[in-house]
Amino acid sequence: MGVPNNIQNGDVPDAVPLMANFNYLGDGKGVRQGTFNELTVFAASTPGTPFLCWATDLKQLLFYCGDGSMGNAGFILVAGG
């Protein structure tokens, strides 16, 4: 599922759809964050669901692809140190 309210450039939305989008992203459905261990625990709870994430301890932007045989147990490095 994508962001719940499709707001286009130039739109002036009222607070309801705007807050729904912020809540969606802030609830970890946009870019999830946590330590790498916390992210692997979350991935194990939803193994087939891909997501972007920020590993706070590694300072890395990762993509969890939902396939444990890819990358590092399903995590693919996008950017970071």
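Which residues make up the largest nonpolar core? Hi everyone, let's start there. This is a predicted model, so local features need pLDDT of at least 70 and side-chain atom pairs count only at pLDDT 80 or more, while totals for chains, interfaces and linings use all residues. Residues are numbered from 1 along each chain as its sequence is written, and side-chain values use heavy atoms, leaving out hydrogens and water.

Now the answer: the core has nine residues, namely Phe36, Leu39, Ala43, Phe51, Cys53, Ala55, Leu62, Tyr64 and Phe75. By nonpolar core I mean buried Ala, Val, Leu, Ile, Met, Phe, Trp, Tyr and Cys residues joined through side-chain atoms within 4.5 Å; buried is under 20% relative accessible area, exposed over 50%, partly exposed in between, with a 1.4 Å probe and protein chains only. Helices (H or I, at least four residues) and strands (E, at least two) are DSSP runs, numbered from the N terminus.

Have a look at S2.

Next, its partners. Strands pair if DSSP finds at least two bridges between them. S1 (residues 31-34) runs parallel to S2, with four bridges, and Arg32 sits opposite Cys53. On the S3 side, five bridges join an antiparallel pair, where Cys53 faces Leu62. In that hairpin, four residues lie between the strands, and Lys59 takes a positive phi near 55°.

Thanks, happy to take questions!
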